[in-house]
Structure formats: C-alpha cells, structure tokens
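Visitor: I would like to learn how to read a structure like this one. Please show it to me, and I will ask about its features in turn.

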Amino acid sequence: MPVQHDAVPPADDPRLQSVEQAMKRLRYQPDALIEVLNAAQESYGYLSRELLLHVATRLRLPESLVFGVATFYHFFTLRPRGEHSCIVCTGTACYVKGAGAVVNSLEAHCGVAAGQTTADGRLFLGTARCIGDCSLAPMLTLDDRVCGPETPASAVAKLQQLLEVRDDQG
Ligand code: FES
C-alpha cells in the first residue's frame with residue numbers, strides 16, 4: 001500500500017493552518033473539541049494520531065480524552081479511508097471560483113459521491129469547508145499535496161497522474 005504520511009505536516013501546511021483557524025475561532029475552548037475534530041477530519045480526511053496529539057496540546061486537554069472522543073463518535077475515523085485521498089475545498093472562496101464543478105467532475109470520474117471511498121478502496125473523495133489557502137482557489141489536496149487553482153479537467157488529470165505514479169511505484 002502506498003505510504004500515507006501520518007505526521008502533522010509543517011506549520012505552513014494550509015490544512016494545519018485551517019485547523020488552527022478553527023481552534024482560534026472557537027477560542028481554544030475545550031468544549032469546542034468536537035467541532036475542532038470535525039474541522040481537522042475535513043481537512044485531512046481522517047484523524048491521525050499525531051493530529052489528535054496536536055489538538056490535545058493546543059486545547060490543553062488530556063490526550064486520553066481527545067482519543068476517547070475521537071473513537072467514541074462513529075463519524076470520526078482514525079485511519080485513511082482509502083489508499084489515497086482527494087479532498088476538494090468547497091469553502092466560499094473556492095466555491096465561487098468553481099469548486100462545485102470540480103467536485104462534479106471528480107465524482108463522475110471516480111464513480112462515487114463526495115464523502116465516499118471507491119469500491120476498490122483506492123481513493124477517498126472528500127470535501128472540506130476551507131483548507132486554509134484561499135489564494136489557490138479552487139483548490140484541493142491529493143494525499144499530502146496541495147494543488148490549485150484547478151479546473152475540472154486539471155483536477156481529474158492530476159488525480160489520474162497520482163494514481164498512475166503510485167501504481168508504477170507499487
Ligand atoms: S475556501 Fe479557503 S482554501 Fe478554499
């Protein structure tokens with residue numbers, strides 16, 4: 001199976017910044033944990049151990065509590081939902097620049113609706129509200145790679161390339 005990075009990316013990763021923005025907006029309140037985890041899962045596609053530890057540190061909560069909440073609710077997932085992930089930002093900036101058409105083209109290409117994994121388990125197609133770098137709108141992530149601005153055609157081409165390259169390496 002291709003490598004899926006499981007570490008919190010560098011601080012300049014827009015996904016981490018979007019999680020930080022969510023925590024800041026919620027004033028780092030411990031009772032905002034579920035909302036923060038939602039934002040984190042949207043951006044990354046799943047909640048890695050490192051991401052949960054990061055949230056615990058930032059919200060000053062016991063790690064055991066954060067892990068307990070993440071495992072209790074069925075809508076949180078602690079593992080990648082496919083060998084690869086493609087997450088399209090549908091936040092306001094991306095949406096007004098055509099994110100809806102990007103999602104539609106990827107859904108048609110992959111044969112799954114956003115929020116689902118392909119039947120062969122190769123790809124999770126997700127959406128997020130804001131991945132943190134609106135200057136790239138409309139943007140998306142392919143595994144840990146941030147791409148944008150994208151058109152429906154360029155998004156499909158990059159996805160195809162990702163799957164082919166990883167196939168060649170595998
Ligand atoms: S709306 Fe901010 S990155 Fe898409």
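This is a predicted model: local features need pLDDT of at least 70, side-chain atom pairs count only at pLDDT 80 or more; totals for chains, interfaces and linings use all residues.

Visitor: How does the radius of gyration of the chain agree with a compact globule?

Guide: The figure is compared with what a compact globule with 170 residues would have, near 15 Å. The chain has 16 Å, which agrees. Its C-alpha trace spans about 45 × 35 × 25 Å along the principal axes.

Visitor: How many helices and strands are there in the chain?

Guide: The chain has seven helices and five strands. Read from the N terminus, their order is α-α-α-α-β-α-α-β-β-β-β-α.

Visitor: Which strands do bridges join to β3, and do they run parallel or antiparallel?

Guide: Pairing is read from the bridges between strands. Strand β1 (residues 84-89) runs parallel to β3, with six bridges joining them; in this pair H84 stands opposite L123. Strand β2 (residues 116-117) runs antiparallel to β3, with two bridges, and T117 stands opposite F124. The hairpin of β2 and β3 has five residues between the strands, and G121 takes a positive phi near 75 degrees there.

Visitor: Is strand β3 mostly covered or uncovered?

Guide: Buried means under 20% relative accessible area. In β3 (residues 123-128), five of the six residues are buried, so the strand counts as mostly covered. For the chain, buried residues make up 45% of the 170 residues.

Note on methods
Residues are numbered from 1 along each chain as its sequence is written. Side-chain values use heavy atoms; hydrogens and water are left out. Helices (H or I, at least four residues) and strands (E, at least two) are DSSP runs, numbered from the N terminus. The radius of gyration is taken over C-alpha atoms; the globule rule is 2.2 Å times the number of residues to the power 0.38. Buried means under 20% relative accessible area, exposed over 50%, partly exposed in between (1.4 Å probe, protein chains only).
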